[in-house]
Amino acid sequence: MVPEEATRVAALRSGAADVVPASLATKDQVEAGGGRLVFGPEGVTVWVRMLGCWETEYPCHDQRVRQALAYAIDKELIRDQLYGGSDVMEVDGWAVVTPSTIGYSPELVPFPYDPDKARQLLAEAGYPNGGGFGKLIINTYNSRTAPLLIESAQIGADMWRRELGLDVEVRVQDDAALKKAVSLTEDHFGQVLWRDQDARVDAAALLRSNYGTYYPPEEDQKKDRPHDDPELRAFIQEAIAVFDPVEREKALNNAYLRVRDEAYWVAVGYLNIPWGVGPRVQTWEPYPLAAYPSALHTVTLK
């Protein structure tokens, strides 16, 4: 409930708090007060969503465009320059799928940084050097769980400008209003939503609601659905209907790999949530996949 990180760290150092949200930027201050950083593994993902791409009028309707955008993002640079390395960010997984998710496999990683391939794909799609593409808008917000989300979007925009010649604008908005507008209106079709998202143990529900059949045919469909491909929808429905544990792992993995290559959603990586703990805290082992302070029963005090 305290928005300023400096105030939170000051409370930690004074003994008014034992656990606070922190970052690498305040690591030295935390340690100077006798505390340390503890990382909650796989707490939140950086999730880049292409919006309204099932409409043919938008460049992102072409899979080559979507993949070009994915190849043009240097995820390792974001990890190393923005987040300070793999303690906080891992370039791994897809969307909300991380190593602790049912159906994950080592092949399920973000598209590698390959600007030459990105430019080739964009040219093949009819937009050489970004010509004729039009303005690409990235919508993002100040995240309570994913530190530096806005800054990561700005880096992505810079890469799309530099590597692909695109005219990119980053718009920072209120998160609740933005997510509501994306879900209920067509106002952001042809644009990008650069957001955070909690990782999942089982992401089948997310597959169903976005790639499978969520609403009955007689009802309006989700405005933020990624696609309108009946074959893909049937493929997803078949995958999430498998319940045998071993076969479910395989089915979900196949589904994740398929939609990863479709690139309606671009993976950047996941964040290990840094928590500052004060000198009273002797041990704490947060659960994976928790964007909040978890496993408090593991806390021991000096």
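How do the residues of the lining of the largest pocket divide into nonpolar, polar and charged?

## The largest pocket

In this predicted model, the lining of the largest pocket consists of 21 nonpolar, five polar and five charged residues. Two or more lining residues come from each of helix 1 (5-14), helix 6 (149-164) and strand 7.

## The cavity

The model contains one cavity of 30 Å³ or more, and the space within the largest cavity is about 30 Å³. Among the residues lining this cavity are Asp 92, Trp 94, Gly 269 and Tyr 270. Five nonpolar, four polar and one charged residues make up the lining. Strand 7 (residues 265-277) supplies the largest share, three residues.

In soluble globular proteins, nonpolar side chains tend to be buried together. Here the largest nonpolar core has 78 residues, and those with the most contacts inside it are Ile 78, Trp 94, Trp 160, Leu 166, Trp 194, Leu 207 and Tyr 211. Strand 7 gives this core its largest share, eight residues. A second, separate core has seven residues, including Val 20, Ala 22, Val 30 and Leu 37.

Apart from neighbours within four places in sequence, the contacts of Tyr 211 include Trp 94, Pro 226, His 227, Arg 233, Val 259 and Trp 265. Trp 94 also belongs to the lining of the largest cavity.

Methods: Residues numbered from 1 in each chain as written. Predicted model: local features only at pLDDT ≥ 70, side-chain atom pairs only at ≥ 80, totals over all residues. Heavy atoms only, no water. 1 Å grid on protein atoms, 1.4 Å probe; cavity = no way out; pocket = protein on both sides within 12 Å on 5 of 7 lines; lining within 4 Å. Points joined across faces, edges and corners; volume = space filled by probe spheres on them. Helix = DSSP H or I, 4+ residues; strand = E, 2+ residues; numbered from the N terminus. Nonpolar A, V, L, I, M, F, W, Y, C, P; charged D, E, K, R; others polar. Core = buried A, V, L, I, M, F, W, Y, C linked by side-chain atoms within 4.5 Å. Buried < 20%, exposed > 50% of the residue type's maximum accessible area, 1.4 Å probe, protein only. Contact = heavy atoms within 4.5 Å.
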